Amino acid sequence: MPPIDFAKLLAEEKKKALLLASGKQQAPAANDNFREKDQSDAALEAPQFELAPRDFMLNEQHRIKCDTMGDVFFINNFVSVAEETSLLECCHHPAHDKSWVTLSSRRLQHWGLAPNHIASGPTSPMPPWLENVVSALVSASVFSKTLSPNNCLLNEYKSGQGIMPHTDGPCYEPRVATLSLGSDCILSFRPLLKTKDIGIKNDSPVLSVVLPRRSLVVFSKEAYTDYMHGIEAVREESIDFCEDAKPRPIANLNESIYKPGDKIERGDRVSLTFRRVKVG
């Protein structure tokens with residue numbers, strides 16, 4: 001085997017370096033691939049966003065007055081316009097592309113402890129930006145420190161999509177907070193009927209709440225356990241009547257930009273619903 005001519009190799013490397021510096025030769029393909037991988041990995045890093053503690057506390061002034069049911073609270077502009085923009089960017093960040101689950105009526109991401117965690121274990125740890133929202137909710141006394149949310153359901157609704165009346169069930173503590181982003185809508189509460197009473201007893205909404213973008217709605221206790229909540233699957237909805245032409249008793253109309261007779265044009269909306277899965 002002939003000896004290696006290190007002087008010749010060094011001269012060849014210097015020649016390559018000069019050609020690269022002059023722009024007459026491209027870097028090796030392997031380096032290009034490495035650089036592309038670096039850029040791809042950087043793009044998929046978890047989004048960063050910090051929501052500062054709120055300068056207000058949830059209190060009786062936020063309680064929605066309703067004769068038939070209580071324990072529903074509403075905070076307008078819980079986040080700012082800039083914070084909403086950042087949160088929507090986090091929701092749609094490429095790092096979360098594989099987290100979307102597509103249903104017939106919407107798509108969603110599920111973060112935190114799963115309701116059936118004993119059988120299936122955690123779904124996915126909450127990303128830091130969602131943990132920051134949890135901290136802001138606790139700082140505003142929406143949740144206590146001992147029962148802070150360990151679960152977040154991120155729902156994306158296109159115009160014309162909604163969710164049928166439902167309850168969240170006994171796997172969660174009876175308290176939920178939903179932050180609305182991107183578009184306005186109306187959330188309605190109906191009595192939870194037993195199977196034998198469906199079609200017999202009145203299931204008209206007993207309370208409807210306008211949810212402007214950036215607002216927070218909180219409900220607990222009987223509002224959680226004894227009533228269903230839902231959002232109509234429409235592109236436009238009336239302030240005065242539900243889709244089935246039943247009167248719509250909106251309780252927070254004075255806190256919105258809407259008035260009787262107005263229509264809400266539904267756009268793309270993202271909701272962040274925070275709950276605490278029961279443990280132990």
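This briefing walks through salt bridges in the structure above. The model is a predicted one, and its salt bridges number 12. Side chains of opposite charge can pair when their charged atoms come close.

- E83 and R54 join their side chains in a salt bridge, with 2.9 Å from N to O.
- This pair connects distant parts of the chain, 29 residues apart: E83 sits in helix 3 (residues 81–91), while R54 belongs to the loop between helix 2 (29–43) and strand 1 (72–75).
- E83 counts as buried because its relative accessible area is 17%, under the 20% cut-off.
- R54 is buried as well, since its relative accessible area of 14% is also under 20%.
- E84 has a salt bridge to R214, and the closest N and O atoms are 2.9 Å apart.
- Here too distant parts of the chain are linked, 130 residues apart: E84 is in helix 3, and R214 is in the loop between strand 8 (207–211) and strand 9 (216–220).
- R214 and E84 are both buried.

**A pair between loops, and its network**

- E232 and R248 form a salt bridge whose closest N and O atoms lie 3.3 Å apart.
- E232 is in the loop between strand 10 (227–231) and strand 11 (236–238), and R248 is in the loop between strand 11 and strand 12 (263–265), so the pair ties together parts 16 residues apart in sequence.
- Both E232 and R248 are buried.
- Through salt bridges with shared partners, E232, E237, R248 and R266 make up one network.

Terms used:
Residues numbered from 1 in each chain as written. Predicted model: local features only at pLDDT ≥ 70, side-chain atom pairs only at ≥ 80, totals over all residues. Heavy atoms only, no water. Salt bridge = Lys/Arg side-chain N within 4 Å of Asp/Glu carboxyl O. Helix = DSSP H or I, 4+ residues; strand = E, 2+ residues; numbered from the N terminus. Buried < 20%, exposed > 50% of the residue type's maximum accessible area, 1.4 Å probe, protein only.
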